[in-house]
Amino acid sequence: MSTLTDRVNTLGSHLRARYGQRVHKLTVSAGFICPNMDGTKGRGGCSFCNNASFAPQGQDGGAVRRQLDEGRAVVARRTGARLHLAYFQAYTNTYAEVTRLKALYDAALEQPGVVGLSIGTRPDCVPDEVLDLLVSYQEQGHTLWLELGLQSAFDETLVRVNRGHGFAEYQDAVRRARDRGLSVCTHLIIGLPGETPWHQRETLVRVLNEGTDGLKLHPLHVVRGTRLSRQWRAGEYRPWTLNEYVNTAVDMIEMTPPEVVFHRLTATARKPLLLAPDWCGSKWTVINAIEQELTRRGTRQGARPLHSDSHLPGTQESC
């Protein structure tokens with residue numbers, strides 16, 4: 001019987017091929033802020049972002065080390081993994097002076113077993129000096145992933161969710177990163193207001209044409225304390241069903257060239273934060289459903305040619 005990694009080029013299998021053993025990501029919250037909340041780009045943040053949790057603490061290298069120590073202990077008990085990527089995840093992890101960034105990144109890389117960094121950020125917050133810093137770590141032999149939160153390639157959607165940047169900023173960031181040899185992972189949200197499965201596939205085409213090295217797929221879930229939650233309560237937004245998400249995700253997997261690395265195929269939130277849809281509370285429900293659909297179709301990553309006018313099942317459905 002085939003497994004998900006037989007059909008999808010996952011980050012886990014990609015890292016195992018490089019290091020010969022399991023490599024686990026450890027999440028780090030370094031107290032960064034977001035230019036879409038502090039007034040630089042806008043106020044209020046994205047419509048799906050829980051602003052109540054926005055409490056930057058200006059953490060230092062010691063806080064980074066403590067988080068990695070705690071995470072490493074948990075992972076050791078659960079999976080036994082001895083190698084790790086430090087994942088700077090919360091908010092915009094390049095939105096600071098380069099000297100502060102270097103101190104935080106250095107603190108992570110100094111920890112036992114940390115072989116690289118994943119840096120989550122916005123495409124409008126990666127100036128050249130930051131990219132050059134990231135290149136310096138890669139040149140030292142560390143694994144380095146620049147994770148860019150695009151979410152959609154449609155500017156009207158990005159305006160609708162108050163994203164604070166457009167597709168052009170993403171194109172510019174990817175070009176400058178790839179010119180330096182940096183690996184880029186692009187975050188895409190499936191089910192944004194006003195979008196259909198066609199929009200998801202067209203976004204994928206545009207992103208792949210820019211040359212991304214990795215992808216993260218997220219279902220849009222409604223959480224407390226967001227503008228989206230108010231829209232949902234007012235009946236202005238209907239979350240996608242599990243079946244809609246799975247079929248669209250599998251379409252996108254089929255369209256993605258085999259060499260592109262999938263860092264994630266779903267994301268979750270926990271109650272009481274999660275309001276809808278309920279299936280976003282269970283990671284393995286979604287992962288198993290994706291694997292089952294791939295098996296049912298007898299398909300795998302890269303099985304379908306990439307065309308921007310591709311007439312896949314369900315093109316231009318309403319949602």
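Which residues is Leu-217 in contact with, leaving aside its neighbours within four places in sequence? With contact meaning heavy atoms within 4.5 Å, Leu-217 touches Leu-188, Ile-190, Tyr-245, Ala-249, Met-252, Phe-262, Arg-264, Leu-265, Thr-266 and Ala-267, once neighbours within four places in sequence are set aside.

This is a predicted model, in which local features need pLDDT of at least 70 and side-chain atom pairs count only at pLDDT 80 or more, whereas totals for chains, interfaces and linings use all residues. Residues are numbered from 1 along each chain as its sequence is written, and side-chain values use heavy atoms, with hydrogens and water left out.

## Nonpolar cores

Leu-217 is one of the residues with the most contacts inside the largest nonpolar core, a group that also holds Val-64, Phe-88, Tyr-105, Leu-117 and Ile-290, and this core has 80 residues. Helix H10 (residues 242-255) gives the most to this core, contributing 7 residues. A nonpolar core is here a set of buried Ala, Val, Leu, Ile, Met, Phe, Trp, Tyr and Cys residues joined through side-chain atoms within 4.5 Å. Buried means under 20% relative accessible area, exposed means over 50%, and partly exposed lies in between, with a 1.4 Å probe and protein chains only. Helices (H or I, at least four residues) and strands (E, at least two) are DSSP runs, numbered from the N terminus.

Val-250 is found in helix H10 and counts as buried, at 0% relative accessibility. Beyond its neighbours within four places in sequence, Val-250 is in contact with Ile-290, Glu-293, Leu-294, Arg-297 and Thr-299. Val-250 and Glu-293 are 43 residues apart along the chain, and their C-alpha atoms are separated by 7.2 Å.

Thr-248 is likewise found in helix H10, and at 3% relative accessibility Thr-248 counts as buried. Not counting residues up to four places away in sequence, Thr-248 touches Ile-190, Pro-197, Gln-200 and Trp-240.

## Helix packing

Two packed helices are described by the angle between their axes and the distance between the axes. Axes are lines fitted to C-alpha atoms, for helices over the stretch in contact, and the angles run from 0 to 180 degrees between N-to-C directions.

The axes of H8 and H10 come within 10 Å and cross at roughly 25 degrees, which makes H8 roughly parallel to H10. In this scheme, angles under 35 degrees count as roughly parallel, over 145 as roughly antiparallel, 65 to 115 as roughly perpendicular and the rest as oblique. The crossing of H8 and H10 is right-handed, a crossing being right-handed if the near helix is turned clockwise from the far one by less than a right angle and left-handed if anticlockwise. On the H8 side, Pro-197, Gln-200, Arg-201, Leu-204, Val-205 and Leu-208 meet Thr-248, Asp-251, Met-252 and Met-255 in H10.

H4 and helix H5 (residues 128-139) pack at an angle of about 20 degrees, with their axes 11 Å apart, and H4 and H5 are therefore roughly parallel to each other. H4 passes H5 in a right-handed crossing. The contact is made by Val-98, Leu-101, Lys-102, Tyr-105, Asp-106 and Leu-109 of H4 together with Glu-129, Val-130, Leu-133, Leu-134 and Tyr-137 of H5.

## Salt bridges

Side chains of opposite charge can pair when their charged atoms come close. With a salt bridge taken as a side-chain nitrogen of Lys or Arg within 4 Å of a carboxyl oxygen of Asp or Glu, the count comes to 23 salt bridges.

| Salt bridge | N to O distance |
|---|---|
| Asp-106 and Lys-102 | 2.7 Å |
| Arg-175 and Asp-179 | 3.6 Å |
| Glu-202 and Arg-206 | 3.5 Å |

Asp-106 and Lys-102 are separated by about one helical turn because they stand 4 residues apart in helix H4 (residues 98-109), and Lys-102 counts as partly exposed at 41% relative accessibility. Arg-175 and Asp-179 both lie in helix H7 (residues 167-179), 4 residues apart, or about one turn of the helix. Arg-175 is partly exposed, with a relative accessible area of 44%, whereas Asp-179 is exposed, at 58%.

Glu-202 and Arg-206 both lie in helix H8 (residues 197-210), again 4 residues apart and about one turn of the helix. Glu-202 counts as buried at 10% relative accessibility, while Arg-206 is partly exposed, with a relative accessible area of 28%. Elsewhere, salt bridges that share partners join Asp-128, Asp-132, Asp-172, Arg-175, Arg-176, Asp-179 and Arg-180 into one network.
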